[in-house]
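Biologist: I am new to this structure and would like to learn how to read it. Please take me through a few features, one at a time.

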Amino acid sequence: MGQAWKRMGTAACVVALAGLVFAAAAPAKFRGAPNSGLQRALDEIVDAPGGPPGVSVLLDRGPHREYLWAGVADTRSNRPPTPFDHFRIASVAKAFNSYIGVKLVGNGALGLDQTLKESIPGVLPAAEGVKLRELLQHTSGIAEYITTPAFGQRLTADPAAYISPFELTEYVRNAPLGFAPGSRYHYSDTDNIAAGLMEEVASGLNYEQLLQRRVFGPLKMPSSSLPRTIAMPRPFMHGYDVEPGSKPEDVSELINPAGAWASGGIVSTPLDLARFARRYVPTVLAATRELDGPFRPGSSSPPGPGKNLAGLGIFRYRTGCGTVYGHTGSFPGYRILLAASADGKRSVVFVATSQIVPGQGSPKVAKAITQAQGRAICRALS
């Protein structure tokens with residue numbers, strides 16, 4: 001698995017010819033902005049020492065769309081990224097989790113104040129008083145399974161192996177709460193695993209069925225899935241581990257995304273995510289305002305551009321150009337931002353093909369990516 005696996009740590013821890021021709025031609029279907037400051041910023045990110053091999057931005061700008069990109073989707077073929085390419089959306093999957101939860105609350109199948117004891121008793125004994133509201137807020141106090149030594153050992157031993165959601169909760173089953181539920185903010189993947197299990201019980205469907213019947217199908221997202229293996233659907237943007245002076249190492253199919261499940265396991269495309277943004281942001285934003293009150297201090301991980309505040313599985317990004325709402329994510333090989341205006345009509349889907357975030361990878365490139373995300377928001381809102 002090479003040096004990339006050693007650097008990641010526990011927390012990070014033949015395309016058909018016709019398909020290639022179609023993918024290479026795809027950007028021509030969208031407007032570009034070759035002389036824009038955003039395009040220059042993308043070029044600089046890819047050209048920088050320690051930069052990702054590729055970066056792309058799909059912008060919905062009201063009456064039209066733009067697609068900007070730099071670098072490549074695959075260093076072996078050197079083909080460009082396209083809006084039709086699959087990629088691991090990482091913690092943007094938490095946005096799907098909150099959307100499903102809010103919809104189930106809306107039809108009475110779930111309540112924001114329903115507890116783990118009422119829904120999935122015995123799964124997390126120390127957290128049985130935690131409410132769905134606190135899971136979606138990241139104020140539960142439940143321990144983070146990703147940082148446990150046992151999970152790290154399991155992942156290192158066989159990163160491609162399937163791990164079930166109940167196995168994930170077992171890593172922190174006996175861990176005490178870190179703080180009283182509702183008293184503090186702490187971004188947690190375990191929160192979304194527990195929320196996904198509650199949503200399964202409330203709906204009578206497994207999570208894959210929930211996604212297909214309540215999200216992918218109704219919102220016309222045919223290229224989105226929740227895989228149980230390391231295999232990526234074709235075509236896809238390859239994800240890389242990068243280090244200045246070394247050849248990028250392809251880690252696209254290294255780690256089984258089932259180890260992140262409802263917290264980060266979804267695969268999608270820029271086009272599908274743009275469709276999701278139109279419904280997700282207005283729906284979850286309305287629920288946050290009506291059922292949960294004002295946004296509170298807290299940022300997504302990695303932080304989004306501007307000033308970050310947290311809601312019910314949605315974050316507010318207040319920038320110098322205006323305010324948008326959405327979610328960020330990172331997974332070995334990828335860094336993502338999904339953001340949209342309050343009405344969902346103007347959106348940004350930003351993908352970098354390396355997990356370069358604050359504290360990991362080149363600090364200069366990590367900052368440049370955040371700044372480019374801000375530029376993308378400005379262009380979407382202009």
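**Reading a predicted model**

Modeller: On the other side of helix 7, P149, Q153 and A157 are exposed. Exposed means over 50% relative accessible area, buried under 20%, and partly exposed in between, with a 1.4 Å probe and protein chains only. Helices (H or I, at least four residues) and strands (E, at least two) are DSSP runs, numbered from the N terminus. This is a predicted model, in which local features need pLDDT of at least 70 and side-chain atom pairs count only at pLDDT 80 or more, while totals for chains, interfaces and linings use all residues. Residues are numbered from 1 along each chain as its sequence is written, and side-chain values use heavy atoms, with hydrogens and water left out.

Biologist: Which residues of helix 7 are buried?

Modeller: The buried residues there are F151, G152 and L155. They lie on the same side of helix 7, because they cover an arc of only 100° around the axis. The arc is that of the directions from the helix axis to the C-beta atoms.

Biologist: How do I read a pair of aromatic rings?

Modeller: A pair of aromatic rings is described by the distance of the centres and the angle of the planes. Rings of Phe, Tyr and Trp (its six-membered ring) pair if their centres lie within 6.5 Å; planes under 30 degrees apart count as stacked, over 60 as edge-to-face and the rest as tilted. A search of the whole structure finds ten aromatic pairs. In one of them, the ring centres of Y99 and F276 are 5.7 Å apart and the planes stand at 80°, so the pair is edge-to-face. This pair links distant parts of the chain, with Y99 in helix 4 (residues 93-106) and F276 in helix 12 (residues 270-292), 177 residues apart.

Biologist: Is Y99 buried or exposed?

Modeller: Y99 counts as buried, at 1% relative accessibility. F276 is buried as well, with a relative accessible area of 0%. F96, Y99, F216, F276 and Y280 form one aromatic cluster.

Biologist: How do I read a disulfide?

Modeller: A disulfide is a covalent bond between the sulfur atoms of two cysteines. The rule applied here asks for a pair of cysteine sulfur atoms within 2.5 Å, and by this rule the count comes to one disulfide. C321 is joined to C378, with 1.7 Å from S to S. C321 is in the loop between strand 9 and strand 10, and C378 is in helix 13 (residues 363-381), so the pair links distant parts of the chain, 57 residues apart. The link of C321 and C378 is right-handed, with 80° about the S-S bond. C321 counts as partly exposed at 41% relative accessibility, and C378 is partly exposed with a relative accessible area of 24%.

Biologist: And what should I look for in strands?

Modeller: In a regular strand the side chains alternate between the two faces of the sheet. Two strands pair if DSSP finds at least two bridges between them. Strand 9 (residues 315-319) pairs with strand 10 in the antiparallel sense over five bridges, and a hairpin joins the two through two residues. F315 has G326 as its bridge partner in strand 10.

Biologist: How many bridges join strand 10 to strand 11?

Modeller: Seven bridges join them, and the two strands run antiparallel, strand 11 being residues 334-340. Y325 has A340 as its bridge partner in strand 11. Strand 10 and strand 11 form a hairpin with two residues between them, and G333 in the turn has a positive phi of about 100°.

Biologist: Why is strand 10 described as largely enclosed by the rest of the structure?

Modeller: Because seven of the ten residues of strand 10 (residues 322-331) are buried.
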